[in-house]
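Please look over the two chains shown here. The report below covers selected residues, the salt bridges and the interface.

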Number of protein chains: 2
Amino acid sequence: MGEHVVAIDVGGTSMKGALVDRLGRVSALERRPTGRSATVVEDIRRFAGDLIAHGDAAAVGIAVPGLVDSVANVALYSANLGWRDVPAADFVPDGVPVALAHDVRAGGVAEGVYGAGRGVTDFLCLPIGTGMAAAMVLGGSAYAGSRGWGGEIGHTPVWPDGEPCACGQRGCLENYASASAIARRHGGGLTAEQVVAAADEDPVAKRVLDEAVEALGIGLATYTLLLDPALIVIGGGLAGAGERLLAPVRAALASRLAFREAPPVRATAIGPHAGMMGAAILAWRAAGHPDAGSDWS
Amino acid sequence: MGEHVVAIDVGGTSMKGALVDRLGRVSALERRPTGRSATVVEDIRRFAGDLIAHGDAAAVGIAVPGLVDSVANVALYSANLGWRDVPAADFVPDGVPVALAHDVRAGGVAEGVYGAGRGVTDFLCLPIGTGMAAAMVLGGSAYAGSRGWGGEIGHTPVWPDGEPCACGQRGCLENYASASAIARRHGGGLTAEQVVAAADEDPVAKRVLDEAVEALGIGLATYTLLLDPALIVIGGGLAGAGERLLAPVRAALASRLAFREAPPVRATAIGPHAGMMGAAILAWRAAGHPDAGSDWS
């Protein structure tokens, strides 16, 4: 039995990987650029191999964007990374046990096992970054939909006659409330977190933040009415804005609900490593430890 | 072992009950007014007792509106019927085995077992009647949310700055697209089904139908993006309008989706008895027949 697992979170521009032991301790953390198209699967396999070379890995967990079939263990599709139907085994050296997961849902698994959703079986985990996709944890598992396309909350139409989105639809939530949308709509060269922080003095920042918050209130109200979550966890880069973002989001959500209470809205407890740590938990499960992570902090 | 089960579907103004045998054959079908507040639980118990008196019932299934905890077998709350925390056993004579379910989710169970969703594990079942609540069948089971409040699609805000709804929110889907909203917004004394049928000649009917269809397109697009259903089943009274409603709804849904396909949209295969037939299936399951309904038609 290995002393640790290898966990890799593959993002659109960079990937990070590390060794994670049975107590959740991270070592050998490394970040590499994500190669494009032709070499990306090979690059991930080399990254996994280099981490395995540290010795004694029980299994590998890999979190990837796009469409993932976690039952068949196949990466079905990623527009950004240019792959289609890649079996999990292709991401690791021959003969290594591997668990494959969707990156956002892996983050939801980690939040549920030892993060902000610990002990909660039904919650929404919403990382807000360049885009916005959700992990819907339902009855203790991250639900992917009928074919793995579930959780596209960033493209739900909050203002159906609103601004055109790059996806081809109109009024999509992420067009107003993603970190990249907030920075773009402000237009002053600030990061989204800086826009949120500047809202008290900068009227443009205030207008952009107010619209992002209103859009989130509408989108989260719809999610709440449909799926009745016990909790909403906000993660991703924008969670760094803390209560300056969360307090008005709570108010906007409550104002959209008349006959039922809003669920609590909390920031991620794990932060930007949630996807990688979820991949580690899934790797430990694949190595025969179903309770992995429950004693992590 | 009984020859049949007793199935009762309790609605806001009337309830219907029947005997249903192992082959899904219905007999002794009867409709009674739903008593209010003080006597309603007693009225249901008497109805169940009268049906049991036909002889040899294996179990009773009861479908009710409001909030239901199907695990604890308790009717938690109904604003219309005025009850709170009624154990399932209170709805039947002493010692009779009973299964309790939410009415809309019971209908979703029936559609999934032998109706329009037969063989489909992940679908939306949306009866359109006086109001609009959804059965969300996820991974083969009707999902109720963290506390039984899930499926309130009728109160999701399709136009967030739209008309005020009786619920206290604005722009709710059912404010535009429920059968009662369609009849009310037309204002000419027609039923919703008649409004749909008149749309070719009557410009007011056409405008009301167009807005209902647009609202449904937005609400179903949001559901599709979040939950990736393999199928959408439209039921309730308005399903009687058939392709005059479903064809434009399909087009409206597709027009709101840019990067993924729309799921098929079909009419209920069971019709207005879906809730009662779902209660019958759940009663047969409670009597030890987990496959009940799979050979019904």
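In which helix do Asp210(B) and Lys206(B) lie, and how many residues apart are they? Both are in helix 6 (residues 203-227) of chain B, four residues apart, about one turn of the helix. Helices (H or I, at least four residues) and strands (E, at least two) are DSSP runs, numbered from the N terminus.

This is a predicted model, in which local features need pLDDT of at least 70 and side-chain atom pairs count only at pLDDT 80 or more, while totals for chains, interfaces and linings use all residues. Residues are numbered from 1 along each chain as its sequence is written, chains are lettered from A and ligands numbered from 1 in the order in which they are written, and side-chain values use heavy atoms, with hydrogens and water left out.

## Salt bridges

A salt bridge is a side-chain nitrogen of Lys or Arg within 4 Å of a carboxyl oxygen of Asp or Glu. Over all chains, the search finds 24 of them.

| Glu211(A) | Arg185(A) | 2.8 Å |

Glu211(A) pairs with Arg185(A) in a salt bridge. Glu211(A) belongs to helix 6 of chain A and Arg185(A) to helix 4 (residues 179-186) of chain A, so the pair ties together parts that are 26 residues apart in sequence. Arg185(A) is buried at 15%. Glu211(A) is partly exposed at 27%.

In chain B, Glu30(B) is partly exposed, with a relative accessible area of 31%. Asp210(B) is partly exposed at 38%. Lys206(B) is also partly exposed, at 42%. In chain A, salt bridges that share partners link Glu30(A), Arg32(A) and Asp50(A) into one network.

## The interface

Contact here means heavy atoms within 4.5 Å. Chain A brings 39 residues to the contact and chain B brings 39 residues. The buried area is the accessible area (1.4 Å probe) that two parts lose on being put together, summed over both. Between chain A and chain B this comes to about 3,400 Å², with 62% from carbon and sulfur atoms. Leu226(A), Asp228(A) and Phe259(A) supply 20% of the area that chain A buries against chain B, more than any other three residues.

What polar links cross the interface between chain A and chain B? There are 18 residue pairs in polar contact, both at pLDDT 80 or more. A polar contact is a pair of N or O atoms within 3.5 Å; within protein, one must be able to donate a hydrogen and the other to accept it, and residues adjacent in sequence count only if both atoms are side-chain atoms. On the side of chain A that touches chain B, strand 10 (135-138) and helix 6 (203-227) of chain A each supply at least two residues. Helix 6 of chain A gives the most, with six residues. The rule also finds two salt bridges across the interface.

## Leu227(A)

Leu227(A) touches residues of both chains, leaving out those up to four places away in sequence. Its partners include Met136(A), Leu138(A), Met136(B), Tyr143(B) and Leu227(B).

## Selected sites in chain B

Asp21(B) lies in strand 2 (residues 14-21) of chain B. Asp21(B) counts as buried, at 15% relative accessibility. Its side chain makes a polar contact of 2.7 Å with the side chain of Arg25(B). Beyond its neighbours within four places in sequence, Asp21(B) is in contact with Glu3(B), His4(B), Trp284(B) and Trp296(B).

Gly278(B) sits in helix 8 (residues 274-286) of chain B. Gly278(B) is buried, at 0% relative accessibility. The C-alpha atoms of Gly278(B) and Val109(B) are 5.6 Å apart, although 169 residues separate them along the chain. Outside four places in sequence, Gly278(B) is in contact with Ala106(B) and Ala110(B).

For Ala28(B), in strand 3 (residues 26-33) of chain B, phi is about 55°. For Asp56(B), in the loop between helix 1 (40-52) and strand 4 (57-64) of chain B, phi is about 65°.

How values were computed
Buried means under 20% relative accessible area, exposed over 50%, partly exposed in between (1.4 Å probe, protein chains only).
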